[in-house]
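Dear colleague,

Please find the structure below. My notes on what was found in it follow.

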Amino acid sequence: MRLRRTRILIALLFVVWIGGMLYFFTSNSSSNVTTVTIEERNEHIKKGIEAHKKDHLVFQSSNNKKAVDSKFDAQKLNVNKIEEVEDRRKLKDFDWKAYQERSGLKPGEDKNQRNAYNQEASDALPWDRGVPDVRDQSCKRINYDKDLPTTTIIICFHNEGRAALLRTVVSALNRSPPHLIKEIILVDDFSDNPLDGSELSTIPKVIVLRNMKREGLIRSRVRGADVARGDVLTFLDSHCESNVMWLEPLLQSIKDNPKVVVSPIIDVIGHEDFNYLSSSSDLRGGFGWNLNFKWDFLPAQALMEHKTDPSAPIRSPAIAGGLFSIDKKWFETLGKYDKDMDVWGGENLEISFRAWQCGGEMHILPCSRVGHVFRDRHPYKFPGGSMNVFQKNTRRAAEVWMDDYKKYYFAAVPSARYAAFGDIRERTELRHKLGCKSFKWFLENVYPELKVPADDVLKYGQIKQAGKEICLDTLGHLQGEGLGIFPCHGQGGNQDWSWTKSNQIKHESTCLAATEHKSGTLIKMLPCVSTDAMQQWRFDNGNHGLINKGTSLCMDNYKEGAELTLRDCLVHDTQRWNLDMTHS
Ligand SMILES: [Mn+2]
């Protein structure tokens with residue numbers, strides 16, 4: 001019964017999803033919006049997130065000693081003075097072409113080399129170019145309060161391409177009500193050319209701080225936050241473009257609930273052509289037990305709510321980390337960032353755990369849209385060793401916030417057990433002082449979709465026919481019956497498989513089993529018996545075969561539409577599989 005219900009639910013979900021997509025295309029077909037298929041967009045997002053992870057590896061620091069270039073330090077400049085001279089700075093006085101040309105491509109220079117995006121395409125765009133308004137129609141009918149809190153925009157950068165950096169600043173200025181932006185703080189994390197940042201200080205509201213050595217994203221953000229005078233902190237990456245009315249939804253949410261951390265939907269600016277593409281709004285932030293951030297499709301219930309009201313906030317267990325707004329006082333109360341985390345990585349999950357467990361929430365706001373250049377490689381070296389730093393930071397987050405559940409992280413990333421993570425007393429005291437809830441509470445109330453692995457499970461996920469988007473699927477069949485294949489939907493359910501320590505392929509309480517020794521015999525879902533060789537499998541990495549130990553026969557999708565059988569092992573496409581699985 002439960003299997004059938006799951007199956008019906010997934011079918012329903014598909015209908016809703018396709019309906020939603022049809023609506024999306026028809027409702028946008030008249031406007032001048034570049035649309036891509038959902039598959040293309042999600043592929044983009046997936047690749048983008050991978051690239052985005054690498055993207056922040058630029059920030060590097062060798063020790064914790066703070067070094068500051070006093071010339072560009074707002075604390076020494078006296079920030080109040082900046083407000084006095086603010087009126088004298090005019091956007092129209094800024095010679096954007098000259099600013100860009102001073103750092104333009106040299107003759108013969110590879111246009112992709114410096115920034116890992118096409119600098120020629122980026123430089124060719126006007127600094128104030130328009131972008132398609134990709135918001136849902138319902139967003140355009142919302143009236144926001146006139147007296148929203150003000151914000152300080154904080155942008156940290158290191159050797160960013162000038163055109164992209166400038167558009168980040170100018171699109172935010174041009175597409176926000178002026179009275180809502182207190183200032184824009186640029187934190188130059190020790191770029192090769194200090195003029196990249198300092199030349200922008202003639203733009204209205206811009207304050208430039210420069211680190212005299214690499215501090216990394218985390219400490220650079222805190223440095224910006226410490227001098228911010230706005231009510232709300234808005235962190236942006238340095239290669240973004242804010243879309244129409246991007247700021248109001250963020251500030252309204254925080255006005256309504258100062259303990260909510262809010263993110264825009266992150267649209268895609270192509271790193272080759274710089275086209276602005278709309279991202280799916282059916283996603284939210286999550287993670288696996290390896291504590292890598294990932295995008296999840298909305299669970300069925302949340303998806304239905306989203307389709308009913310496309311402008312409503314989407315509760316998100318985690319944020320990607322590059323772009324978000326938070327009330328300044330709440331940021332401080334919550335303990336800012338863990339400043340003993342180095343460079344980049346893990347800080348987005350840490351602030352996500354902290355926000356939820358300590359009485360706040362995280363929302364993605366579909367009416368707020370900001371484009372981001374997703375790259376597929378990073379232009380800079382990472383001398384500290386990105387894996388070590390990522391692991392140190394992530395382990396700090398796990399040690400402080402995950403209680404006993406950290407054992408699943410260590411199971412998923414065994415090398416993390418040996419990561420030196422330093423002193424965490426200050427952070428555990430913070431957790432205690434704030435009276436934060438347990439990780440168990442977080443799992444039960446915020447992220448029940450993250451399943452606690454059974455102790456006998458090595459890895460879990462889906463099993464794909466090699467080279468195809470077709471997955472092993474119970475087809476809603478019950479114990480004692482066979483199974484088949486179905487297009488992969490990434491929703492788990494009938495396509496959710498675990499690989500156990502005794503090499504069984506398990507779905508709920510059933511395991512895939514051979515019942516006879518002859519070729520052509522049906523594979524059945526039987527109650528698991530870990531010692532039964534007829535239920536044990538071996539994955540042949542070379543041929544991608546799934547070989548049953550008891551029979552030495554191979555799993556075969558011999559006949560389309562028929563149930564899976566065991567056949568003599570041949571190197572044949574119907575016997576080739578991929579384990580698309582995460583270690584638990
Ligand atoms: Mn980025």
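Two residues are in contact if their C-beta atoms, placed from the backbone, lie within 7 Å. Helices (H or I, at least four residues) and strands (E, at least two) are DSSP runs, numbered from the N terminus. This is a predicted model, in which local features need pLDDT of at least 70 and side-chain atom pairs count only at pLDDT 80 or more, while totals for chains, interfaces and linings use all residues. Residues are numbered from 1 along each chain as its sequence is written.

I begin with helix α9. A residue counts as buried if 20 or more other C-beta atoms lie within 10 Å of its own, as exposed if 12 or fewer do, and as partly exposed in between. Helix α9 (residues 217-227) is largely enclosed by the rest of the structure, because eight of its eleven residues are buried. Among them are Leu217, Ile218 and Arg219. The buried residues of α9 pack against the strands β1 (151-157), β2 (181-188), β3 (206-210) and β4 (232-236), and also against α12 (328-333) and α13 (347-357).

Helix α13 also meets α14 (residues 386-401). With axes taken as lines fitted to C-alpha atoms over the stretch in contact, and angles running from 0 to 180 degrees between N-to-C directions, the two axes come within 8 Å and cross at roughly 15 degrees. Angles under 35 degrees count as roughly parallel, and α13 and α14 are therefore roughly parallel to each other. Residues of α13 that meet α14 include Phe353 and Arg354, and their counterparts in α14 are Asn393, Ala397 and Trp401.

Next comes the nonpolar core, a set of buried Ala, Val, Leu, Ile, Met, Phe, Trp, Tyr and Cys residues joined through C-beta atoms within 7 Å. The largest one has 102 residues, and Ile154, Val169 and Leu186 touch the most other members. Leaving aside residues up to four places away in sequence, Leu186 touches Ile155, Phe157, Gly197, Leu200, Val206 and Val208. A second, separate core of 25 residues includes Leu483 and Cys554.

Is Cys488 buried or partly exposed? Cys488 is partly exposed, because 18 other C-beta atoms lie within 10 Å. This residue is found in the loop between β15 (484-487) and β16 (497-500). Cys488 lies 18 residues from Ile470 in sequence, yet their C-alpha atoms are 5.1 Å apart in space. Beyond its neighbours within four places in sequence, the contacts of Cys488 include Lys464, Ile470 and Cys471.

Definitions and conventions. Angles under 35 degrees count as roughly parallel, over 145 as roughly antiparallel, 65 to 115 as roughly perpendicular and the rest as oblique.
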